[in-house]
Amino acid sequence: RLSEWNGMAMAATSIAPGPSFEVARPLDWFQLRALLWEIPDRPNSWEEAAEAVNARCPLSARVSGETLRGVRELLSKTYPQTEGTRIWAQILYSSVHQVFSVKPIFMNLGYLGEIEGLDLDQEDQQLFPFIALYRVTLSGVDCTGRDVVDVGCGAGGGCRHIWKYLSPRSVTGVDLVEANIAECLRGPTEAGLAFVQGDAEALPLESQSADVILSVESSHSYHSMPSFLREIHRVLRPGGVFAFTDHRPMDEEWGERRTMAALTKDLSESPLAIEKVWEITDGVARCSEAIADF
């Protein structure tokens, strides 16, 4: 059923950005990401910042330092006390829920490959690639009777899958974006399944309250990976498991602190003990190629 979910996704991406992008005009999508991901909140020179954005986005209309400064000031007023990548997440995902005619259930790149023990009912078969990314991330992790937390839960598809198939005691989804949590709460509610708005670097959870924490393709937008990993260590119970996957560039396209090398360093220096590392890029790439074929 690959063509069905792909058709939904590809049709949705052709829709113009929603009203929340009005706060970033006249910047286009790529310029906004460059501004919020790569330019300091208070750069030494806005003209230098403009040169960097124009170099990053050669196909976009050139922008001036004054334009960037004006957009950044407006964004700071609209999203007070919020750092650049957090602003990006709120603009992006709020718009996703406004413009998609088919509401997203999962917000990951997907995975195509063999997953042991993945037996889905007919309703969930069409979501196989996105569910598969969760399951390959949880390889070897037993969730039975345990308290599970999904940080960066998006629209809640992963939480609902774990609750339905993996027999946990509880599942809690945490996401920064109010629109994502609102979408989570649109679905059926059950005792033991909860969704909470919160920052991954200051989790709204008690210390030593989770047995399993997972994070699927979310941490690349966090301000500080070391702060996030310290929070994971705080919330996990002794003997608990952190299951993690993310996509990072090899070069500094997203800034120096978001490279694969920086991620490897952050993980090695965290208070967590690394038990197993495995490469799933091929399976994610196969999924991306399958989407491109339609």
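This is a predicted model: local features need pLDDT of at least 70, side-chain atom pairs count only at pLDDT 80 or more; totals for chains, interfaces and linings use all residues.

Q: How many disulfides does a search of the whole structure find?
A: The search, which covers the whole structure, finds zero disulfides.

Q: Is Cys184 buried or exposed?
A: Cys184 is buried, as its relative accessible area is 1%. Cys287 is buried as well, with a value of 0%.

Q: Let us change topic to Asp246. Where is it found?
A: Asp246 sits in the loop between strand 5 and helix 11.

Q: What does Asp246 touch, leaving out residues up to four places away in sequence?
A: Asp246 touches Glu217, Ser218, Ser219 and His220. Ser218 is 28 residues from Asp246 along the chain, yet their C-alpha atoms are separated by 6.6 Å.

Q: Which side chains have a polar contact with that of Asp246?
A: One is the side chain of Ser219, in a polar contact of 2.6 Å. Another is that of Arg248, where the polar contact is 3.3 Å.

Q: Now to the second largest pocket. How much space lies in it?
A: The second largest pocket holds about 1,300 Å³ of space.

Q: What lines the second largest pocket?
A: Its lining consists of 42 residues, and those nearest the centre are Phe244, Thr245, Leu267, Lys276 and Val277. By class, 21 residues of the lining are nonpolar, 13 are polar and eight are charged.

Q: Which element gives the most to that lining?
A: Strand 5 does, with ten residues. Among the elements that each supply at least two residues are helix 7 (128–137), helix 10 (225–235) and helix 12 (281–292).

Q: One last topic, helix 2. What caps its N-terminal end?
A: Asp28 does: one of its side-chain oxygens lies 3.1 Å from the backbone nitrogen of Phe30.

Q: And which residues of helix 2 are buried?
A: In helix 2, which spans residues 29–38, the buried residues are Gln31, Leu32, Ala34, Leu35, Leu36 and Trp37.

Notes
Residues are numbered from 1 along each chain as its sequence is written. Side-chain values use heavy atoms; hydrogens and water are left out. Buried means under 20% relative accessible area, exposed over 50%, partly exposed in between (1.4 Å probe, protein chains only). Helices (H or I, at least four residues) and strands (E, at least two) are DSSP runs, numbered from the N terminus. A polar contact is a pair of N or O atoms within 3.5 Å; within protein, one must be able to donate a hydrogen and the other to accept it, and residues adjacent in sequence count only if both atoms are side-chain atoms. On a 1 Å grid over the protein atoms alone, a cavity is a set of points where a 1.4 Å probe fits but cannot get out, and a pocket is an open set with protein on both sides within 12 Å along at least five of seven lines; lining residues have an atom within 4 Å of a point. Grid points are joined across faces, edges and corners, and a volume is the space filled by probe spheres set on the points. Ala, Val, Leu, Ile, Met, Phe, Trp, Tyr, Cys and Pro count as nonpolar, Asp, Glu, Lys and Arg as charged, and the others, Gly among them, as polar. A disulfide is a pair of cysteine sulfur atoms within 2.5 Å. Contact means heavy atoms within 4.5 Å.
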